[in-house]
Amino acid sequence: YTTLPATLTRGDTYYIADGSYASYTVDDAVSGVLVITIKKATTSAHGTDTGWDSSYGDGQAVFTSLGWVFNIITSYVVFDGVVGSGSDPNTYGFKIATPTNCNQDNRMLGIPPVGYSTLNVSNITVSHVAMTNCGSGYDYNQIGIYSFPASGTNMLLSYSYIANSSTNFQLLNWIGGEISNNFFDNNWSSPNYHGQQISPKACTDIIFKNNIMRNSLVGGIGFHRGVNDPSGNAGWKVYNNIAYNTDGRGVTMGIFGNADTREGVVLNSEFHHNTIIGITGGGGRGSAIQFDGQTAASGNTVYNNLFYNSAYPNIFGGQVTHDYNAFFNSTGTIVSETNILQTTGDPFVDSVGGDYHLKLGALAMDAGKTLLSPYNIDYDGITRPQGSAWDMGAYEYVSAAPPPDTTPPAAPTGMTIQ
């Protein structure tokens with residue numbers, strides 16, 4: 001397809017060719033569990049060969065609009081660019097272009113958008129989509145992905161790039177969803193528009209794993225609770241994520257934690273095996289994992305995280321249970337733990353080049369706490385442990401395979417030919 005039909009058929013797959021596309025809203029009525037699938041056409045998967053040319057599948061399908069660019073206001077939808085991951089938005093199959101008008105509020109992808117807070121949605125997948133908002137030069141409410149349904153069940157955001165919004169991903173009322181393998185980049189904040197990389201409210205049983213957060217301002221995940229709403233966030237599993245800053249900006253709220261200071265904002269959630277690098281800040285929060293304002297028992301646990309070159313890597317609030325966390329070259333308030341690893345040095349293969357795998361001999365090796373599934377699988381899919389105990393941080397150290405033996409066999413002796 002070089003343009004999406006106004007009406008999409010349930011159970012069909014629409015392969016989208018390279019090119020430019022106008023804004024679009026998927027709004028077709030649900031029919032049982034039949035899925036509408038919208039995928040980037042590639043050489044290996046493009047539907048019929050009739051009329052196919054390889055040039056249709058070697059680039060991007062780019063959606064462009066003044067503000068809202070792509071919206072999903074129904075259930076059982078897959079929006080998949082098929083290819084792309086990491087920090088280069090030009091490698092993704094689908095791209096939502098920077099809005100053509102930056103002098104206004106912009107929300108680039110709505111699942112669903114503003115105005116659908118009474119709508120229940122489910123089984124929506126967004127993968128391999130890149131979107132870059134206008135950035136801090138425009139002091140308007142900029143949201144990359146906006147998802148405020150009455151309830152959102154079985155939702156998946158994966159392998160996508162979201163950048164330059166005040167809040168890159170704002171979500172409400174998700175139940176049992178997953179946010180994995182995404183690259184959240186360069187969010188910003190101002191007195192008018194308080195921002196975090198990810199801003200959830202009243203979301204439960206969410207898996208947040210294998211994501212990268214680069215250049216976070218104010219906070220990484222900033223959990224919220226409605227002013228007159230008792231519903232907080234609960235049952236999150238936050239693991240194998242990597243957060244790092246390259247521009248010296250401060251994270252004043254903490255890399256994971258409350259964005260407001262009331263009880264019950266984050267409950268019964270687990271923050272394990274995350275790697276946090278080069279994040280500074282003040283007020284005792286910098287690179288902290290914090291549940292500020294929660295004085296009652298929260299059920300939150302924090303194990304096997306690794307901080308490097310970070311300021312104020314504190315862990316506090318809500319009677320959080322924590323231990324076996326590592327702090328390399330970190331300053332400011334550092335939490336007290338029975339099995340803390342606090343030391344100097346660089347534990348990584350190449351921290352300057354962005355390779356945060358543990359190097360041989362790093363003190364974080366075999367120094368972690370044994371946990372249950374799903375934490376036994378690291379960022380690369382390697383099973384923990386590989387040594388005598390679990391490693392700290394997002395990566396489990398894997399020893400290099402020994403080089404093959406290229407020594408030729410010795411010549412035989414004592415042989416007789418008859």
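**Notebook: backbone geometry**

I located Pro374 in the segment after strand E40 (355-358), where strands (E, at least two residues) and helices (H or I, at least four) are DSSP runs numbered from the N terminus. The model I consulted is predicted, so that local features need pLDDT of at least 70, side-chain atom pairs count only at pLDDT 80 or more, and totals for chains, interfaces and linings use all residues. Residues are numbered from 1 along each chain as its sequence is written, and side-chain values use heavy atoms, with hydrogens and water left out.

**Peptide bonds**

I looked up the bond from Ser373 to Pro374 and found it cis, with omega near 15°. I then turned to Arg384 and Pro385, which are joined by a cis peptide bond with omega of about -5°. I placed Pro385 in the segment after E40.

**Phi angles**

I noted for reference that most residues other than glycine have a negative phi, and that most peptide bonds are trans.

I read a positive phi of about 50° at Tyr159, which is not a glycine. I found Tyr159 in the loop between strand E15 (156-158) and strand E16 (161-163). I recorded Tyr159 as partly exposed at 34% relative accessibility; buried means under 20% relative accessible area, exposed over 50%, and partly exposed in between (1.4 Å probe, protein chains only).

I also checked Tyr324, not a glycine, whose phi is positive at about 55°. I traced Tyr324 to the loop between strand E36 (321-323) and strand E37 (326-328).
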